[in-house]
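Here is a briefing on the structure shown below.

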Amino acid sequence: MSTVDLVGLDAFLRLVGDDLGLDVEGGAGADLALADVPGWDSLNLLRLVALLEESGHHVPVHRLLEAQSLRDIHTLVKEYG
Amino acid sequence: MTTGLDQLRDLRKRGLLEKAYDQVAGVLAQEGPGGARADTAAVGRLLAGLDPGAVLSHHPATPVVTVAVTGQSTVGQVLDPLRGELARHGLLLRAVLGEHGTYLRDLTDPAGELHTAAPDLTLCLLDAETVFEQVPGVWRPEDVEAAAADVLARCAALADAAPGTLVLNTLPLPWTYSRQLIDHRSRARLGAVWREFNARLLRLTERSPAPVVIDLDPLVAEGGPVTDPALARYAKVRLGAPLLAGYAREVAHLARALRGATRKCLVLDLDHTLWDGVLAEEGPDGIAAAGTLRGEAFGAFQTCVRQLASQGVLLAVSSKNDPAEVARVLADHPDLVLREGDFVAVNANWDPKDGNLADIARRLDLGTDALVFADDSPAERAQVRHGLPEVAVVPLDGEPATHVARLLADGWFDVPSLTEEDRARNGQYRALGERRKLREGSGSHEEFLRALDVRLETGPPQPHEAARIAQLTLRTNQFNLAGGGLTEAAVAEVAADAGRQVLVARCSDRFGDNGLVGAALITEAAGQWHLDNLWISCRVLGRGVEHAFLAVLLSRARRHGLTAVGARHVPTARNHRARDLYPSCGFVARELPEPGEHGDGTSAYLHDLLVLPGIPGHICVTESGKAPR
């Protein structure tokens, strides 16, 4: 599967917005605690794991589960490529 | 290419997803990569943000399926693919999710959230940990055997305690347990113990009609690992996404079947669908369904189709061909598995296929939403999708080796259980054709009815008829007076309830036995009967059977010393034909006790049993179980 370019925070938030149906585009949701992201529920982290795999990014699951915000997750995506 | 998923994303961005929910099934039915499983989960993810209340305010008739989900591990992940799969069939998911690991309490606590949600389906997702959590830290196959026996006993008890139809699953055995035994003899023993446990779990469905057990083995065999080790370890997700996607598809088919939305007739194209080659161009010698590599693939598809037909799926043909030539090929081409007698209708002509499908449905007394259409030509499929969007379309392509899998992928004909009536259905529909010939040869409708020699037998059902009653009530749309139906478990509940009963009608005529064709659900209170619902199979309509059945019910009520019989007609999308049944049998419309509560157009009726309607003269009626209950 071709890897989706998620180096830019905007591209990452757009993917999250499109595929998880969350309104986080525009950067406003990036630093919120995940639980405070509008529409967030406990399944969204698992959805994000699947979504990142599908888009060609392999971030260790335990690191994703420890992330506090979407910006944290984006940092991990950049770190692991 | 724009996929269905892209179109849904676009609708969501424009804030139109709730308003356009009635288009979602159509959008997802479009061909292209939209049918792949990963995409269905993505569709479900996208739809997760939907407000079901808003969908219903725009489209109040949207069928809602309430599904409670619980299990051994983190099982909420199944909701996305399930939501997507249900959306493909126009259904809307209302989900109730239990806490992880609390399935025993979830299923058995009558005051708990899962019970109070009154779900249609309760999914209890089990995995290998359900057994292994009871096994000591250092173990042998015997320890697993003992733990599995405990789990089995628990599952058997849950089957009766769970709300709605309980869905269990077989447990895949992870490689990582098997390989912890280093000798082959012990591994074999563990494998045998495990399979015996799964087999007993599957056999729970023979003991009680309540649970459904989904066999995960065929889904695992189809591909995808059972689990992702990291998600299993850190997030307690022990059933992986590909497996849950396959499982969700099965559950959606089950939900559809329990709503009675099972399709009844498979309409097939011929050239490049049932055989290799084009009859009109190459003649009978130029087509093949055996003898060549490609031909054998078509032969295998025909064999699969015949297997479906043996269980009551009606077969028909819609093909652009010369009818005489098609008749000749179906009669004597040496390659064919299917013959003319296997089809209840063969429409070979040059007319548009949507018109042909409508004609086939009309001749069989079916709605077009009972049809599945399989064709290799994208143009023909598009034409049918456009003209008859309610027909399910199976996209075959130029690779006949995939025809079988494509036909079976959507479980269009799945039912909770099969009855002898199902197996005999193709013969009954051929008898329908013979009746039509008799009608055409009779001078008047009355002469035809007299010549038909209709016999009707009514009375309480036999114990073995519960499955057939459930099926009749769930699959009857037109003569379903109050909407809804009874699952097999509900039929069993009625049988155990002193205040309620089911009475049934069986019908035959000179062309054959139609079996159980009518059912009435009756509540008795304060010296009156109330007909909670009445179902008559559309196969016997037009012969006065519905009037005869009702007349017998009324006379039975009077004989039992009752003072009146109440009834109601609740309009649905399909039962307008039955609207006048109660008035035509002498029932009088009455005010509903609380006007305004039934904004759905419900009509209530009462019959005072003073003047009973007559039984149509051409029908010979016998009654069983005459003694009062």
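**Interface of chains A and B**

Chain B and chain A bury about 1,500 Å² between them, and carbon and sulfur atoms give 55% of that area. In chain B, the residues that lose the most area to chain A are B:R12, B:R45 and B:Y234, together 39% of what that side buries. The model is predicted.

**Who touches whom**

- The contact involves 17 residues of chain B and 18 residues of chain A.
- The rule finds five salt bridges across the interface of chain B and chain A.
- Four residue pairs are in polar contact across the interface of chain B and chain A, both residues being at pLDDT 80 or more.
- On the side of chain B that touches chain A, the elements giving two or more residues are α1 (4-13), α3 (37-47), α5 (79-88) and α13 (229-235) of chain B.
- Of these, α13(B) gives the most, with four residues.

**Salt bridges between the chains**

- Over all chains, a search of the whole structure finds 33 salt bridges.
- One of them joins the side chains of B:D80 and A:R47, at 2.4 Å from N to O.
- This pair crosses between chains: B:D80 lies in helix α5 of chain B, and A:R47 lies in helix α2 (residues 43-54) of chain A.
- Are B:D80 and A:R47 buried or exposed? B:D80 counts as buried because its relative accessibility is 6%, and A:R47 is buried with a relative accessible area of 5%.
- The side chains of A:D18 and B:K13 also meet in a salt bridge, at 3.3 Å from N to O.
- Side chains of opposite charge can pair when their charged atoms come close.

**Salt bridges within chain B**

- B:R294 and B:D276 form a salt bridge, with their closest N and O atoms 3.2 Å apart.
- The pair links distant parts of the chain, 18 residues apart. B:R294 is in helix α16 (residues 293-309) of chain B, while B:D276 is in the loop between β6 (265-268) and α15 (279-282) of chain B.
- B:R294 is partly exposed, with a relative accessible area of 35%. B:D276 is buried, with a relative accessible area of 16%.
- B:R500 pairs with B:D497 in another salt bridge, the closest N and O atoms being 3.1 Å apart.
- B:R500 counts as partly exposed at 24% relative accessibility, and B:D497 counts as partly exposed at 29%.

**The network and B:R45**

- Salt bridges that share partners join A:D19, A:E54, B:D6, B:R9 and B:R45 into one network.
- B:R45 sits in helix α3 of chain B.
- At 3% relative accessibility, B:R45 counts as buried, because the cut-off for buried is under 20% relative accessible area.
- The side chain of B:R45 makes a polar contact of 3.3 Å with the side chain of A:E54.
- Which residues does B:R45 contact, leaving aside its neighbours within four places in sequence? They are A:D19, A:L20, A:R47, A:A50, A:L51, A:E54 and B:D80.

**B:T66 in chain B**

- B:T66 lies in strand β1 (residues 64-71) of chain B.
- B:T66 is buried, with a relative accessible area of 6%.
- The side chains of B:T66 and B:R94 make a polar contact at 2.8 Å.
- Leaving aside neighbours within four places in sequence, B:T66 is in contact with B:R94, B:V96, B:A117, B:A118, B:P119, B:D120 and B:L121.

- The domain assignment of chain B gives domain 1 (63-258), domain 2 (265-408) and domain 3 (420-623).
- The centres of domain 1 of chain B and domain 3 of chain B are 39 Å apart, taken over C-alpha atoms.
- Helix α26 of chain B runs over residues 545-559 and has 15 residues.
- From its first C-alpha to its last, α26(B) reaches 21 Å, close to the 21 Å expected at 1.5 Å a residue.
- α26(B) is mostly covered, with 11 of its 15 residues buried.
- Among the buried residues of α26(B) are B:V545, B:F549, B:L553 and B:R556.
- B:G561 follows α26(B) and has a positive phi, near 80°.

Key:
Residues numbered from 1 in each chain as written. Chains lettered and ligands numbered in written order. Predicted model: local features only at pLDDT ≥ 70, side-chain atom pairs only at ≥ 80, totals over all residues. Heavy atoms only, no water. Domains from an automatic or database assignment. Expected span 1.5 Å × (residues − 1). Buried < 20%, exposed > 50% of the residue type's maximum accessible area, 1.4 Å probe, protein only. Contact = heavy atoms within 4.5 Å. Buried area = accessible area lost by both parts, 1.4 Å probe. Salt bridge = Lys/Arg side-chain N within 4 Å of Asp/Glu carboxyl O. Polar contact = N/O pair within 3.5 Å; in protein donor to acceptor, adjacent residues only side chain to side chain.
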